[in-house]
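Please keep the sequence and the three-dimensional view at hand while reading.

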Amino acid sequence: MRITNFALLLLMSGLSTPLLAGTTAEQIQKATLAFLDSFASEQAEHGYTVSFEPGSIDSRLALAECEKPLNVEFSGDPWKSTSPSLQVACEGTRPWRMFVTASVSIHGPALVAARPLTRGERITEGLLAKQSVEINSSRRGVITDSKQAIGMEVRRAVNAGSLVTPDMLSAPNAVERGDHVIITAKTGGFSVRSRGKALASASVGEQVLVENLRSSRTIRASVVAPGHVEIPM
């Protein structure tokens, strides 16, 4: 009888003790959906349409209970991939983290070629058109503002209707080989100017060899504007 009563007591004690709680796949899925929905709403304010589908999570998954809300963030760039990964993390007393995948599609206006473009052609407003495209399907990026493209040169032939990406364009030369340029030597608020001749072609921000016409010395200078180069003193 004592043995029976003791066994019954153990059974009742086990039923009254709550099972060890944990973070389930359903909770992780719900946190991921909430994060993606928030991302879509945020981009909608900027004129982009985002559709998404989180990847499946094994329903048998059980991680330590997290007393804090789960933290979800992209671990891959959603603007350069349609299948970015997301990190789900618990920052509680028993921290953990895991990665899940998602299918994300971002549609919005981007620049395309209004007609076929030839190599070396200078971009003008009339050569560009805006079209709604799946922006993150292009790993080379997109251009959304025509100001970023106007005045640039086409690096290779582009078909009409093709997406214009940053790698298709280059800054035009601000200095051509043989051009006479103004050389400015600067130190603090003091500067000295002299005349020189460019020994190569270069665009703004690039370095170029220049011959100082007064001293006949060859120096390396940075192109700061069309016809102007600068050297530290």
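## A salt bridge between Arg115 and Glu121

Arg115 is partly exposed, with a relative accessible area of 36%. In this report, buried means under 20% relative accessible area, exposed means over 50%, and partly exposed lies in between (1.4 Å probe, protein chains only). The side chain of Arg115 meets that of Glu121 in a salt bridge, with an N to O distance of 2.4 Å. A salt bridge is defined here as a side-chain nitrogen of Lys or Arg within 4 Å of a carboxyl oxygen of Asp or Glu. Glu121 counts as buried because its relative accessibility is 17%.

## Basis of the model

This is a predicted model, in which local features need pLDDT of at least 70 and side-chain atom pairs count only at pLDDT 80 or more, while totals for chains, interfaces and linings use all residues. Residues are numbered from 1 along each chain as its sequence is written, and side-chain values use heavy atoms, with hydrogens and water left out.

## Further salt bridges

Side chains of opposite charge can pair when their charged atoms come close. How many salt bridges does a search of the whole structure find? The search finds six. One of them joins Asp167 to Arg156, with the closest N and O atoms 3.2 Å apart. Asp167 and Arg156 both lie in the loop between S8 and strand S9 (169-170), 11 residues apart. Strands (E, at least two residues) and helices (H or I, at least four) are DSSP runs, numbered from the N terminus. Asp167 counts as partly exposed at 26% relative accessibility, and Arg156 counts as partly exposed at 33%. Arg140, Arg156 and Asp167 are linked in a network of salt bridges.

Another salt bridge is formed by the side chains of Arg60 and Asp58, at 2.9 Å from N to O. Arg60 is exposed, with a relative accessible area of 72%, whereas Asp58 is partly exposed, at 40%.

## The disulfide

The structure holds one disulfide, a term that stands for a pair of cysteine sulfur atoms within 2.5 Å. Cys66 and Cys90 are the two partners, with an S to S distance of 2.2 Å. Cys66 lies in the loop between S3 and S4 and Cys90 in strand S5, so the pair ties together parts that are 24 residues apart in sequence. The torsion about the S-S bond of Cys66 and Cys90 is about 95 degrees, and the disulfide is therefore right-handed. Are Cys66 and Cys90 buried or exposed? Both residues are buried.

## Helix H2 and its surroundings

Helix H2 covers residues 25-44, 20 residues in total. From its first C-alpha to its last, H2 reaches 28 Å, close to the 28 Å expected at 1.5 Å a residue; the expected span is 1.5 Å times one less than the number of residues. The buried residues of H2 include Ala25, Ile28, Thr32 and Phe39. The buried residues of this helix pack against several strands, among them S1 (22-24), S2 (49-54), S4 (71-74) and S6 (96-113).

Val100 lies in strand S6 and is buried, with a relative accessible area of 6%. Not counting residues up to four places away in sequence, Val100 touches Ile28, Thr32, Ile57, Pro84, Ser85, Leu86 and Val88; contact means heavy atoms within 4.5 Å. Val100 and Leu127 are 27 residues apart in sequence, and their C-alpha atoms are 42 Å apart in space.

Glu73 lies in strand S4 and counts as partly exposed, at 38% relative accessibility. Leaving aside neighbours within four places in sequence, Glu73 is in contact with Phe35, Leu86 and Gln87. The C-alpha atoms of Glu73 and Ser85 are separated by 8.8 Å, and the two residues are 12 apart along the chain.

Ser146 is placed in the loop between strand S7 (128-134) and strand S8 (153-154). Ser146 counts as buried, since its relative accessibility is 17%. Apart from neighbours within four places in sequence, Ser146 is in contact with Leu111, Glu125 and Leu128.
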